[in-house]
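Student: I would like to learn how to read a model like this one. Please take it feature by feature.

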Amino acid sequence: MIDFTKSVSGRFIRYTQFDTMSDPSLAGKRRPTTEGQSVLQKALVRELEELGLDVTYGDTSVVHGILRANEKGALPVAFMAHVDTADDVMGNNVKAVRHSYQGGDIVLKGTVIRQSDNPDLEQCIGSEVITSDGTTLLGADDKAGVAEIMEAVSWLVSHPEIPHGDVEVFFTPDEETGRGMDMFPYDEMISKACYTMDGGREGEIETECFNAATCIVRIHGVSTHLGSARGRLVNALTAASAIASALPQAESPEATDQRYGYYHVGQITGTNVSARMEILIRDFSAGMFDFRLSALEELVRAVGRIYHAEIDFESEVSYRNMAQANDAHPEVIKALDEAAGKLGIKLESALIRGGTDGARMAEKAGIPCPNLFTGGHNYHSLEEWVSVSSMSVSVNMILAIIDSCRGKAE
Ligand SMILES: [Zn+2]
């Protein structure tokens, strides 16, 4: 394995100095939601151009670079990471701190990272860990991913003797607001496989996530003077609560884990005249997901009939379980196993009870897009930390995946 610890950690710390916290309140209104994200994206454009990649940026606010193949017969392959950081705790003004880790708790200005809460720290004894100063998050989610992809590309450029196919890189904004993939340049994309570098502990890969839909229910009641309402008033709120209470409590987020899916009433707003409900549906199985969608619609229609309320039902699929796209392209997971085998690391597959930008790509373009580890931990918190040696392993993993694509094109 090549030792990238020094270069990738230096690069990572440099990226953490960009203020790229995204703003969910501006999601869908402004892209990127915060100016700092485009500042980092433009810096990445310059770095990629200096390395000699073909780069496009511009209208989509997605950085897209292509490192052209230096040999024939390889499948093109893409890697993706997001430049924004979460706003759960302060994400700007990050002051990264290097720790030569010798065991025990890591005491910071604003907080303590306890070894007892972080069993993975054990493997870092004798190597380096990076944290914030404890007053902000660190931004390893996902600047560790950005740094690892940039490091791998720059290694290939400085070692032209290493043969490779076309390598694409994508740096998206606003992943944390859920809008990162809104204007993704699918028509420019040449790869049929993509890997998101946005995971956690070393060796962990995420190849399965929920199928997800948001359903909007609009209930139109009939209003009358309450004194003469008998037989005439149709209360939209009564119908809304009938829908909410008919959903099985055992199939709610608070009662499920692992592969169990659920219904979740996220919002009810309105008056007796008109009400609006937002109901989320999540399921790993495509069949159960479709069942939930149609069962909910039937329930809504039945309540409308029984309560004499007019009801509109709309549903939109947000993302799909990427396992479906992965299963259709088994070579994508095979490349992962091959790469890990070559590096002698053990991969562990984890489920995501949520979605990723990769899941959105799988939904929109049918392109499989598993999520790989970056070495980061405790995302979205003051206790966020990243293992420098795991970051180096991630860079090796990217290079090994690129290598495994050689000789695979028809
Ligand atoms: Zn992330």
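Student: How many residues of domain 1 are in contact with domain 2?

Tutor: This is a predicted model, in which local features need pLDDT of at least 70 and side-chain atom pairs count only at pLDDT 80 or more, while totals for chains, interfaces and linings use all residues. Residues are numbered from 1 along each chain as its sequence is written. Two residues are in contact if their C-beta atoms, placed from the backbone, lie within 7 Å. Here six residues of domain 1 are in contact with eight of domain 2.

Student: Where do the two domains run?

Tutor: Domain bounds come from an automatic or database domain assignment. It gives 5-209 + 321-404 as domain 1 and 211-318 as domain 2. Their C-alpha centres are 37 Å apart.

Student: Is Leu 296 buried or exposed?

Tutor: A residue is buried if 20 or more other C-beta atoms lie within 10 Å of its own, exposed if 12 or fewer, and partly exposed in between, with C-beta atoms placed from the backbone. Leu 296 has 21 other C-beta atoms within 10 Å, so Leu 296 is buried.

Student: Which residues does Leu 296 contact, leaving aside neighbours within four places in sequence?

Tutor: Leu 296 is in contact with Cys 215, Tyr 263, Ile 279 and Ile 281. A separate distance concerns Phe 313, 17 residues from Leu 296 along the chain: their C-alpha atoms are separated by 9.4 Å.
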